[in-house]
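Here is a briefing on helix packing and the nonpolar core. Start with the structure, then read the points by topic.

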Amino acid sequence: MFEEAQLSAPVTRSGEGDVTVHLSDNHPGAVDPEYRARRNALAALAMEWQRGTPLPAATYTDAEHDVWRIVCSELHGLHERLACSVYLEGKQRLGLPESRIPQLVEVNELLRPLTGFQYVPAAGLVPLLEFYGSLADGIFHSTQYVRHHSVPLYTPEPDVLHEVVGHGNCLAHDRFARLYRLAGAAARRVQTTEALEFISKVFWFSLEFGVLRESGKVRCYGAGLLSSYGEIQQAAQADLRPLDIARMGVQTYDITHYQPILFCGDGFGQVEDLVGGFFAEVDDDQVQRLVREVTASA
Ligand SMILES: [Fe+2]
């Protein structure tokens, strides 16, 4: 959940050990003391968890389960119409519950036999290299909180719906899982911040906000689109550009709006060839070369 982290609420722990999630004033849950207490409790669970120990169970309220159910129900038909076929296969294989929020440990039990990917809890922002590098090991850092129930179809932050419905259904398919692992290996291979940020942008414009054409129709394969009730429906109206690693790696984005520019693959195979091929081979020199080329041609 690193990318959306620009809008992720900061999490702090006081000297007494109290964990606080600092929601912005315009967050839908900012004036709901019960919601704020829930967020603090879930963040504390993640902060207290030690790797190698059982994952902490989050006790969700009925209202939170309702949010999950409403969003899954709304996304169901949208996925059928607008998700790429590989995502739909992954979704079918994973078989997430749609009527209640699954615990991360349940998600892991479903994922493990499929691709070996495993979720671990994150309180909030995960540093770029840690988030990506872990993907190489099949580890996905995930928030556990749910968006505020007053606006179930909107979230300013990456919540468990984004992490599990968006990314999880992808990670259930070996073709996606391979791309995520390659992205992780790429992040660990490079030495410079510039190269890591370049990789993160390629990831953003592919595995978060990527679209592709299938049978002449625009279909979504990015988790950010696949978990967004509004944006998935607008994706085909974006300024769609051909897959171009150099341009993806330098393209700026504003996470507070729908993405005006999306990069569109010619089928999932082309995404694997170009994006997967890039992740498989990229090093610092290649990033420098790509940036030079795209700057010279601008
Ligand atoms: Fe994400």
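**Helix packing and core**

Helices α8 and α12 are roughly antiparallel to each other, because angles over 145 degrees count as such and theirs is about 155°. The model is predicted.

**α8 against α12**
- Helix α8 spans residues 193–208, and helix α12 spans residues 267–281.
- Their axes lie 11 Å apart.
- The crossing of α8 and α12 is left-handed.
- From α8, the contact takes in F198, I199, V202, F203, S206 and L207. From α12, V275, F278 and F279 meet them.
- By class, the residues of this α8–α12 contact are 8 nonpolar, 1 polar and no charged.

**α6 against α7**
- Helix α6 (residues 160–171) packs on helix α7 (residues 174–189) at about 105°. The axes are 6 Å apart.
- α6 and α7 are therefore roughly perpendicular to each other.
- H167, C170 and L171 of α6 meet F176, A177 and Y180 of α7.
- This α6–α7 contact has 5 nonpolar residues, 1 polar and no charged.

**Nonpolar core**
- The largest nonpolar core counts 97 residues.
- Which residues have the most contacts inside it? They are F176, Y180, Y221, F278 and F279.
- Helix α8 supplies the largest share of this core, with 9 residues.
- F176 and Y180 also belong to the α7 side of the contact with α6, while F278 and F279 sit on the α12 side of the contact with α8.

**F279**

Conventions
Residues are numbered from 1 along each chain as its sequence is written. This is a predicted model: local features need pLDDT of at least 70, side-chain atom pairs count only at pLDDT 80 or more; totals for chains, interfaces and linings use all residues. Side-chain values use heavy atoms; hydrogens and water are left out. Axes are lines fitted to C-alpha atoms, for helices over the stretch in contact, and angles run from 0 to 180 degrees between N-to-C directions. Helices (H or I, at least four residues) and strands (E, at least two) are DSSP runs, numbered from the N terminus. Angles under 35 degrees count as roughly parallel, over 145 as roughly antiparallel, 65 to 115 as roughly perpendicular and the rest as oblique. A crossing is left-handed if the near helix is turned anticlockwise from the far one by less than a right angle, and right-handed if clockwise. Contact means heavy atoms within 4.5 Å. Ala, Val, Leu, Ile, Met, Phe, Trp, Tyr, Cys and Pro count as nonpolar, Asp, Glu, Lys and Arg as charged, and the others, Gly among them, as polar. A nonpolar core is a set of buried Ala, Val, Leu, Ile, Met, Phe, Trp, Tyr and Cys residues joined through side-chain atoms within 4.5 Å. Buried means under 20% relative accessible area, exposed over 50%, partly exposed in between (1.4 Å probe, protein chains only).
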